[in-house]
Amino acid sequence: MTTREKMMTNTRKPSIRSLRSLRDEMVSVAKGERAPSEDAGQAIFSSAEAVTRLLNQENRHLLDVIDTQHPQSVAQLAELVQRAEPNVSRTLSKLVEAGIVEMVNGEGRTKIPRLRLRELTVRIFTTKSTDQVIEAH
């Protein structure tokens, strides 16, 4: 198995949970009433809408450029997608937090964006508000 394949298999998938549920769990763990859940520390979205807001058309184009053109810096990525570098930097921070992108050290202080997830499957229930991520590759 290549390093890249190992990285992709070890990626913890994002999940969708209500903020209240997350807060209740954190308080319970802090009080010692329970152990942290297996998904502790992974990216959490409050809803399927939050996932779709992050993965809007503009950001998906940015992810496609990362995947296909392999920019060697945030500045190069910004140039390729014709967006301001601070804007691209903020977007990358959100994508890193969600576990979709990682930043790899380049030369000097340069950070190189790399795609971690190519596919995210979300189950949306029509009668409940408990959507969930069921698969991430």
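These legends describe close-up views of one predicted model.

**View 1. Overall layout of the predicted protein.**
The protein has 6 helices and 6 strands. From the N terminus on, the elements run α-β-α-β-α-α-α-α-β-β-β-β. Of the 137 residues in the protein, 31% are buried.

**View 2. The largest nonpolar core.**
This core has 17 residues. Those with the most contacts inside it are Leu-62, Ile-66, Leu-77, Val-88, Leu-92, Ile-100 and Val-101. Three helices each supply at least two residues of the core: H4, H5 (74-81) and H6 (85-97).

**View 3. Leu-77 and its contacts.**
Leu-77 is among the core residues with the most contacts inside the core. Which residues does Leu-77 touch, not counting those up to four places away in sequence? They are Leu-62, Val-65, Ile-66, Pro-71, Val-88, Leu-92 and Pro-113. Of these, Leu-62, Ile-66, Val-88 and Leu-92 also belong to the core.

Strand S3 covers residues 101-105, and strand S4 covers residues 111-115. The two strands pair in the antiparallel sense over 5 bridges. Asn-105 stands opposite Lys-111 in S4. S3 and S4 form a hairpin, with 5 residues between them. In the turn, Gly-108 has a positive phi of about 60°.

**View 4. Leu-115 in strand S4.**
Leu-115 lies in strand S4. Is this residue, Leu-115, buried or exposed? Leu-115 counts as buried because its relative accessibility is 7%, and buried means under 20%. Leu-95 is 20 residues from Leu-115 along the chain. The C-alpha atoms of Leu-95 and Leu-115 are separated by 9.4 Å.

**View 5. The largest pocket.**
About 390 Å³ of space lies in the largest pocket. The pocket is lined by 16 residues. Leu-55, Arg-60, Leu-63, Arg-118 and Leu-120 lie nearest its centre. Helix H3 (48-54), helix H4 (57-69) and strand S5 (120-123) are the elements that give two or more residues to the lining. H4 gives the largest share, 4 residues. By class, the lining has 10 nonpolar, 1 polar and 5 charged residues.

Note on methods:
Residues numbered from 1 in each chain as written. Predicted model: local features only at pLDDT ≥ 70, side-chain atom pairs only at ≥ 80, totals over all residues. Heavy atoms only, no water. 1 Å grid on protein atoms, 1.4 Å probe; cavity = no way out; pocket = protein on both sides within 12 Å on 5 of 7 lines; lining within 4 Å. Points joined across faces, edges and corners; volume = space filled by probe spheres on them. Nonpolar A, V, L, I, M, F, W, Y, C, P; charged D, E, K, R; others polar. Pairing = 2+ DSSP bridges. Buried < 20%, exposed > 50% of the residue type's maximum accessible area, 1.4 Å probe, protein only. Core = buried A, V, L, I, M, F, W, Y, C linked by side-chain atoms within 4.5 Å. Contact = heavy atoms within 4.5 Å.
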